[in-house]
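Hi,

Here is the structure I promised to pass on. Have a look at it first, and then read my notes below.

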Amino acid sequence: MNIHEYQAKALLRDYGAPVSDGRVVFKAEDAKTAAGELDGPLWVVKAQIHAGGRGKGSFKEASAGEKGGVRLAKSVEEAAEETARMLGRTLVTHQTGPVGKQVNRVYIEDGSGIERELYLALLVDRQSSRISFVCSTEGGMDIEEVAASTPEKILSFPVDPATGYQGFHGRRIAFMLGLEGAQVKQCVKLMGQLYQLFTDKDMEMLEINPLIVTDSGDLKCLDAKMGFDGNAVYRHGDIAALRDETEEDPKELAASKYDLNYIALDGEIGCMVNGAGLAMATMDIIKLYGAEPANFLDVGGGATTEKVTEAFKIITSDPNVKGILVNIFGGIMRCDVIAEGVIAAVKEVGLQVPLVVRLEGTNVEKGKEIIANSGLNVIAAENLKDGAEKIVKAVKG
Ligand code: ADP
Ligand code: MG
């Protein structure tokens, strides 16, 4: 689960980390009051969407030379004008994809004098199974690009969970970032605060890009991106309350309400599968036969007719879906139950695209018989290979 920059900065502030003062604005008419509460003489108006690259992004239907989603203002009036120009419009960045994201909130923040822009992140490193720090002197840039072209400018190391954060971790980062004097002390303290916040809230990712050295020589978190482990959010009511459903894929949102593991993708074959491993294999074999999956969907081991129906609705609501492959391995789940669920679902939500069903495992013969006798236009498949071939052929001809 992701949150907005202004929400992330509020958490940073709670943990004592240095951030600028700012106000979130939902309606243009509130912008003047909000900006007036800040010190000035420089204001920064920042579009709040769950995507990075806002500064370099551009709005749809932008006028010639119009700036992106991070704009400077020299007065309260100007800050209000920029807010009004952003709200309700669609911002496209390299992280939003060409569709972009609608800006429904804007953060007005005190402008900072910037001496240097640095990069700092904490993440769960799957290779070492530990929380790792990542830092670089190349802040404000796309870190993927830095990693590709100048990997020597990135330092990354894991923290031993037995000791947790230690001062030497912070000093190592300060040295890499070329910090001096009082900045080293600030860095050691800040890294400790970030590590504490990260672990307290079960985060998956915390990125400060840029972490700056201000013109007065102090460290400050100028941008903040946070991602939380979705499976742990139930432990943090304060974090759960920060969820902005308008930022989420509506299909993924519907799936989460029915406890379906669903991820939208951009292909044309909708997949309904039980078990994450089988779902991955199904996506692979669809690709092998020359098509692309429209989604990952694991209906889980105990799928009921209701769940299967919901899964179908979600798959068929995707206009990109040109065919559906149901691939079920009956274990505890019986194939006849699944077959009945599929038929009930098709009867309820209708079916405009070819449907291939492959069943294997417990009560497979009974399941196949139910499908065959249903009178519905369902293409039966013998095995995974056959199912993938049939659905790709049905869609691509
Ligand atoms: P994004 O990463 O989405 O583009 P950032 O918050 O990193 O958004 O802002 C982009 C750039 O805008 C920063 O690298 C920094 O140069 C500038 N900027 C952002 N916030 C401020 C601020 N409060 N004061 C001065 N400059 C800022
Ligand atoms: Mg940034």
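Which side chain does the side chain of E109 join in a polar contact? The partner is K9, and the polar contact is 2.6 Å (a pair of N or O atoms within 3.5 Å; within protein, one must be able to donate a hydrogen and the other to accept it, and residues adjacent in sequence count only if both atoms are side-chain atoms).

Some housekeeping before you go on. This is a predicted model, where local features need pLDDT of at least 70 and side-chain atom pairs count only at pLDDT 80 or more, while totals for chains, interfaces and linings use all residues. Residues are numbered from 1 along each chain as its sequence is written, chains are lettered from A and ligands numbered from 1 in the order in which they are written, and side-chain values use heavy atoms, with hydrogens and water left out.

Back to E109. You'll find this residue in strand 7, residues 106-110 (helices, H or I with at least four residues, and strands, E with at least two, are DSSP runs numbered from the N terminus). E109 is buried, as its relative accessible area is 2% (buried means under 20%, exposed over 50%, partly exposed in between, with a 1.4 Å probe and protein chains only). Leaving out residues up to four places away in sequence, E109 touches a list of residues including E5, D21, W43 and L222 (contact means heavy atoms within 4.5 Å).

UniProt, in an unreviewed entry, lists E109 under "binding site" along with K46, G53, R54, G55, S112 and E117. Its positions are in the numbering used here, feature names are shortened, and annotations may be inferred rather than shown by experiment. G53 sits in the loop between strand 2 (43-47) and strand 3 (58-59) and is partly exposed at 29%.

UniProt also places a "binding site" (unreviewed entry) at N274, G331, I332 and M333. These are spread over 60 residues of sequence, yet they cluster in space, with a largest C-alpha distance of 11.1 Å. I332, in the loop between strand 17 and helix 11, is exposed at 87%.

Cheers
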